[in-house]
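This note is intended for a colleague meeting the structure for the first time. Please read the numbered points alongside the sequence and the model.

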Amino acid sequence: TIVTTRFTPEPTATPTITPKPTSTVEAKPTVRVESQTEKAIKKLIKPFWEEAKKTRLEKAKNDNEWSRRVDAELNSNRVNFLLFGYGKSIEPPNPNLIDVGSHTIISVDINTGQIDVVSFTHDIWDPGINKYRGDFGKENSAAKIDQAYFEGKKKSDEEGFKLMGKSVEELSGLSTDYQIAFQDDEVFTDLIDDVFGGIEIDIPQAFDVLGYYYKGQRKGDGHFNVGIERMTGERVCQYIKTVPKVPGKYDNSLEHNVRKSNALVALFKASMNQMKNTGFQLKMLRFLGLDILQKKIAHNFSWELAISAVKSLFGDQEITGQLSAGSNQNESIKFKTSTYIVDPAFGDGGVQWVLAQAAVNPIIDDFVQKKVFPSRIDPQGNLAIDMATTDRGNPNDNSY
């Protein structure tokens with residue numbers, strides 16, 4: 001008999017390792033220092049915000065579509081100013097002098113004083129205009145969004161602002177709390193010359209431009225060098241309105257609305273740096289007062305509100321003392337964001353050239369086949385439509 005004995009070794013004890021405590025450094029929260037410029041903007045914007053809250057309640061009550069057009073969360077802490085500058089211009093390939101307008105929303109965060117800018121190409125098709133005048137879907141009827149104000153204005157200034165406000169709210173989701181319409185080569189340039197005595201604009205790259213119209217007169221071609229240039233009102237007009245002399249597609253930084261944003265940055269900086277200057281204050285108030293009397297600027301709010309806000313800011317010695325001429329030069333004055341709604345080949349997207357959109361959107365293609373869009377034949381013999389439409393948009397419903 002064989003007896004097999006199994007030997008099972010005892011398991012080796014695993015030593016217990018006691019971890020040594022390591023010192024940890026708590027991350028200190030980043031404290032954002034509010035700039036004097038932001039303080040000034042918050043001070044300036046407060047009365048506008050209080051008035052806007054009342055106006056929004058009235059719109060929600062009287063306009064069933066307003067709550068759908070406007071994004072409540074997006075607008076909860078900001079007040080918006082819609083600037084509409086317009087004038088005579090030549091837009092290649094069209095050789096004729098035409099009225100061209102440009103929309104820019106200055107959106108101010110009431111809690112931080114920071115500013116976001118949203119601008120739109122004037123080439124966007126606005127079905128709301130067609131529905132307003134009763135020619136929606138008809139041949140060659142498609143109207144560009146910059147014509148909304150003019151279309152409504154045929155009845156009254158109030159109707160012009162109403163139609164334009166609806167169009168921009170539909171496109172952006174931002175409430176058009178305050179609207180200002182002006183002829184840019186009159187009001188804007190006079191403001192630069194008479195109040196500021198010129199402004200300094202930082203030009204990111206050198207470029208040549210085609211001719212333009214200024215106060216009814218045809219001006220020749222021009223050139224801009226890279227770097228900071230101090231410009232008169234007319235020179236600023238040339239900078240923001242002209243078409244670059246570049247064959248084919250040009251760099252995004254040369255787009256009209258990008259150049260306009262550069263000019264607005266320069267204007268804001270000049271304003272902040274002159275806030276304590278008594279001479280500047282008087283010039284600004286006189287400029288506003290003259291425009292009230294001469295009605296150079298159309299607006300949908302009381303000028304008294306604007307003048308009251310400006311006086312309130314001028315009267316704050318703590319803020320204006322910090323923003324006195326020369327003491328604010330090191331403070332960066334930039335827009336928090338700058339968004340340009342245009343075909344993605346030229347900006348931030350949101351819309352697309354009609355023929356490109358028609359290739360992926362059968363609804364838009366149907367409008368093309370019905371010849372709703374004015375068209376032309378380009379130098380290569382191809383069909384060309386110089387309009388844009390919203391990405392995947394359906395013009396047949398009310399949420400285009």
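**Notes on the predicted model**

1. Leu383 belongs to strand S15, which spans residues 383-384; helices (H or I, at least four residues) and strands (E, at least two) are DSSP runs, numbered from the N terminus. Leu383 is partly exposed, because its relative accessible area is 44%. The scale used here calls a residue buried under 20% relative accessible area, exposed over 50%, and partly exposed in between (1.4 Å probe, protein chains only). Together with Leu355 and Ile377, Leu383 makes a nonpolar surface patch of about 270 Å². Such patches are made of residues with over 30% relative accessible area and no salt bridge, with nonpolar side chains (Val, Leu, Ile, Met, Phe, Trp, Tyr) joined within 5 Å and like charges within 9 Å.

2. On the source: this is a predicted model, in which local features need pLDDT of at least 70 and side-chain atom pairs count only at pLDDT 80 or more, while totals for chains, interfaces and linings use all residues. Residues are numbered from 1 along each chain as its sequence is written, and side-chain values use heavy atoms, with hydrogens and water left out.

3. The overall picture is as follows. The protein chain has 13 helices and 16 strands. Of its 400 residues, 46% are buried. The chain exposes about 21500 Å², of which carbon and sulfur atoms supply 52%; accessible areas come from the Shrake-Rupley method with a 1.4 Å probe, and for residues only the protein chains shown count as cover. Among contacts (heavy atoms within 4.5 Å) with a separation of 6 or more, 66% are between residues 24 or more positions apart.

4. Helix H5 covers residues 157-172, 16 residues in number, and reaches 22 Å from its first C-alpha to its last, close to the expected 22 Å. The expected span is 1.5 Å times one less than the number of residues. The buried residues of H5 are Gly160, Phe161, Leu163, Met164, Gly165, Ser167, Val168 and Glu169. Just after H5, Gly173 takes a positive phi of about 80°.

5. Arg69 sits in helix H2 (residues 66-69) and is classed as buried because its relative accessible area is 8%. Leaving aside residues up to four places away in sequence, Arg69 touches Asp63, Lys166, Glu169, Glu170 and Gly173. A network of salt bridges links Lys59, Asp63, Arg69 and Glu169, where a salt bridge is a side-chain nitrogen of Lys or Arg within 4 Å of a carboxyl oxygen of Asp or Glu. Arg69 and Asn398, although 329 residues apart in sequence, are 9.2 Å apart in space, C-alpha to C-alpha.

6. How many salt bridges does the structure hold? There are 20 salt bridges. In one of them, the side chains of Arg78 and Asp116 meet at 3.2 Å, N to O. This pair links distant parts of the chain, since Arg78 is in strand S1 (residues 78-90) and Asp116 in strand S3 (residues 115-120), 38 residues apart. Both Arg78 and Asp116 are buried.

7. Asp135 and Arg133 meet at 2.8 Å, N to O; Asp135 is buried at 16% relative accessible area, whereas Arg133 is partly exposed at 38%. Glu151 pairs with Lys154, the closest N and O atoms being 3.4 Å apart; Glu151 counts as buried at 13%, whereas Lys154 is exposed at 65%.

8. Asn361 is in the loop between helix H12 (354-358) and helix H13 (362-369). Is Asn361 buried or exposed? Asn361 counts as buried, because its relative accessibility is 5%. Its contacts, not counting residues up to four places away in sequence, are Arg392 and Gly393. A polar atom of the Asn361 side chain lies 3.0 Å from the backbone oxygen of Gly393.

9. Most residues other than glycine have a negative phi. Asn140, however, has a positive phi near 60°; this residue lies in the loop between helix H3 (127-133) and helix H4 (148-153) and is partly exposed, with a relative accessible area of 47%. Lys371 also has a positive phi, near 60°, and lies in the loop between H13 and strand S14 (376-377).

Technical notes: Polar contact = N/O pair within 3.5 Å; in protein donor to acceptor, adjacent residues only side chain to side chain.
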